[in-house]
Amino acid sequence: MSFSKAQDLIRLAQLAAARRGGISLEEICAEFRVSHRTAQRMTDALEETFGNVSAKDGDDRKRRWHLVDSGLGRLQLRHETAVEALEIAARGAEAEGRLRHARVLADLHDGLLARVPTRARVEADAEAVLTAMGQVTRPGPQVSLAPKILDAIIEALRGPFRLRVRYNKDQKLRILEPHGVLLGHRTYLAARDAAKADEVRNFRIDLIHEAETLNESFALQTRFSIADYAAQSFGVWQDPEQYGEVVWRFVPEAAERAAGFRFHPHQMVEPQDDGSLIIRFHAAGWAEMTWHLYQWGDKVEVLAPEELRKMVEGYRRSDFVAMP
């Protein structure tokens with residue numbers, strides 16, 4: 001067995017031990033980016049290597065593999081990558097103003113190092129990699145999220161409980177019903193203000209000046225999903241009147257570059273016979289779309305919606321020296 005396959009087998013054993021219901025072939029395919037047949041060979045190797053593997057068919061008729069009392073925690077696996085990942089995640093959280101998350105990630109980082117027998121070597125190896133990794137600076141807002149505000153929001157989401165806030169320049173307190181948090185260049189609370197409207201809308205967390213979790217539970221919107229809610233917009237702007245099919249055509253010169261972009265989580269990519277590329281998805285937020293489309297100059301054409309096409313028409317430059 002090659003070193004890479006051995007590493008994959010250990011990783012598979014860790015996943016089979018960590019997940020309460022075990023791991024299925026479909027999940028193995030997604031986790032390791034392998035074919036169904038390769039996933040089957042990996043489960044065969046798992047059963048041959050470990051004597052405490054159980055395989056059980058669930059109610060969904062999918063077989064899942066689980067390790068009972070695996071003892072993997074006693075194996076002295078290399079920790080450099082974990083230390084690096086936690087440090088990078090902490091840096092990202094701090095850069096985005098999520099100080100509460102940055103602090104927790106730093107604590108996990110320090111706790112992991114404290115348990116490593118060869119701490120000095122692990123620190124040195126991780127530092128060598130981290131020193132060589134730079135963060136590309138992109139224009140964007142510099143915001144800091146008050147830990148007390150985040151603590152109150154997270155406590156409310158666990159309930160779910162209502163949240164009393166003072167938002168923006170409002171003098172009056174609002175009662176919000178939190179449904180989720182959207183992370184990005186700004187962090188938003190997706191919540192319903194029942195006193196004003198029934199739909200969920202976005203509130204910038206950096207503009208929440210006071211927040212108190214109330215001992216009042218509420219019912220989440222039926223079948224609400226923060227992932228589906230986020231996918232309704234191209235960026236963060238939620239506008240039901242703008243929601244609809246969006247169709248962009250990238251010229252052959254830009255097709256390969258555009259094919260490597262993820263414009264929307266539910267996008268459809270359609271290569272054309274002439275070498276061009278069509279991207280389709282459903283979302284709102286025309287202003288944020290125009291901001292992005294401007295970077296592509298005349299390499300992209302808006303086919304739908306008509307309102308968006310009119311907004312970008314006349315601003316498609318041909319003199320940009322590079323594409324995004």
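1. Let's start with helix α10 (residues 286-293), which lies across β9, β11 and β12 and runs at about 10° to β9. Helix α9 (residues 252-259) lies across β9 and β11, at about 125° to β9. Contact here means heavy atoms within 4.5 Å; axes are lines fitted to C-alpha atoms, for helices over the stretch in contact, with angles from 0 to 180 degrees between N-to-C directions. Helices (H or I, at least four residues) and strands (E, at least two) are DSSP runs numbered from the N terminus.

2. A word on the model: it is predicted, with local features needing pLDDT of at least 70 and side-chain atom pairs counting only at pLDDT 80 or more, while totals for chains, interfaces and linings use all residues. Residues are numbered from 1 along each chain as its sequence is written, and side-chain values use heavy atoms, leaving out hydrogens and water.

3. Now the sheet: 4 strands make an open, antiparallel arrangement, ordered β10-β11-β9-β12. Strands pair if DSSP finds at least two bridges between them. β10 (268-271) and β12 (300-304) are the edge strands with a single partner each, so one side of each has no neighbour in the sheet. β9 and β11 (residues 277-283) share 7 bridges, and Val246 has Phe281 in β11 as its bridge partner.

4. On to aromatics: Phe234 and Trp248 pair edge-to-face, 5.7 Å centre to centre with 70° between the planes. Rings of Phe, Tyr and Trp (its six-membered ring) pair if their centres lie within 6.5 Å; planes under 30 degrees apart count as stacked, over 60 as edge-to-face and the rest as tilted.
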